[in-house]
Amino acid sequence: ENFDGDTIRQGIELKVSKRFGEMLLSGGYTYRDTEVDGGMYDGNEIPNVPRHQFNVGAETRIFECFQLNLDGVYVGERPYISDFANVAEDQDAYFDLSAKLAYLFEKGSAYITVNNLLDERYAEYGGLNYYGVPGVYPSPGINFLVGVNLEF
């Protein structure tokens, strides 16, 4: 969106991972400080950017040919996408967990992924309408993805 003023985005990101035999555990944390600099929204937070976000993950091999992944992401509260004035309450934080089981073969894998494993009600995206009333586009409940990866 074009408006007068600049945007300032600064923060810190920390990541860590550790292997324990066949298991890899990982985690990350991101802190973001955002601000509109100048113009009519001077000093306000940039919409749809959470101040806090973290990821956790685990990956392991089961028998030589299966791999199991468990991944979670926490996305903190953030201003609605169109709320440059920062007048509405922030959009809710959420935690999403997914799992993936893959059968590995020489030139690829076949997998099934379960998204939103906990069947949580949340919305990744939300905005304000013309009258400033917040609305969200709900993310899907538990859902599945089946696929094949081929390497050439």
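Residues are numbered from 1 along each chain as its sequence is written, and side-chain values use heavy atoms, with hydrogens and water left out. Because the model is predicted, local features need pLDDT of at least 70 and side-chain atom pairs count only at pLDDT 80 or more, whereas totals for chains, interfaces and linings use all residues.

**Salt bridges**

A salt bridge is taken here as a side-chain nitrogen of Lys or Arg within 4 Å of a carboxyl oxygen of Asp or Glu, and by this rule the count comes to three. Side chains of opposite charge can pair when their charged atoms come close.

| Lys-15 | Glu-13 | 4.0 Å |

Asp-33, Glu-45 and Arg-51 are linked in a network of salt bridges.

Accessibility is described in three classes, buried being under 20% relative accessible area, exposed over 50% and partly exposed in between (1.4 Å probe, protein chains only). In the pair formed by Lys-15 and Glu-13, Lys-15 counts as exposed at 70% relative accessibility, and Glu-13 is exposed with a relative accessible area of 51%.

**A buried arginine without a salt bridge**

Arg-78 is found in the loop between strand S4 (66–75) and strand S5 (94–105). Arg-78 is buried yet has no salt bridge, and the nearest side chain of opposite charge, Asp-92, is 7.5 Å away; for charge, Lys and Arg count as positive and Asp and Glu as negative, while His and the chain ends are not counted. The side chain of Arg-78 does, however, reach the backbone oxygen of Asp-92 at 2.8 Å and the backbone oxygen of Ala-123 at 3.1 Å. Contact, meaning heavy atoms within 4.5 Å, is made by Arg-78 with residues including Asn-48, Val-49, Pro-50, Tyr-94 and Glu-124, when its neighbours within four places in sequence are left aside.

**A buried asparagine**

Asn-116 lies in the loop between strand S6 (108–115) and S7, and counts as buried because its relative accessibility is 2%. A polar atom of the Asn-116 side chain lies 2.9 Å from the backbone nitrogen of Glu-120. Beyond its neighbours within four places in sequence, Asn-116 is in contact with Asp-96, Leu-97, Tyr-122, Pro-140, Gly-141 and Ile-142.

Tyr-125 has Tyr-137 as its bridge partner in S8, and Gly-127 has Gly-135. The two strands form a hairpin with five residues between them, and Gly-132 in the turn has a positive phi of about 85°.

**Nonpolar residues**

The largest nonpolar core is made up of five residues, Val-36, Tyr-41, Ile-46, Val-49 and Phe-84; such a core is a set of buried Ala, Val, Leu, Ile, Met, Phe, Trp, Tyr and Cys residues joined through side-chain atoms within 4.5 Å. Leaving aside neighbours within four places in sequence, the contacts of Val-36 include Tyr-41 and Ile-46, and also Phe-3, Asp-6 and Asn-44.

Leu-25, in strand S2 (residues 23–37), counts as partly exposed because its relative accessibility is 35%. Leu-25 and Ala-58 are 33 residues apart in sequence but 4.6 Å apart in space, C-alpha to C-alpha. Not counting residues up to four places away in sequence, Leu-25 touches Val-16, Ser-17, Lys-18, Phe-20, Gly-57 and Ala-58.

Notes:
Helices (H or I, at least four residues) and strands (E, at least two) are DSSP runs, numbered from the N terminus. A polar contact is a pair of N or O atoms within 3.5 Å; within protein, one must be able to donate a hydrogen and the other to accept it, and residues adjacent in sequence count only if both atoms are side-chain atoms. Two strands pair if DSSP finds at least two bridges between them.
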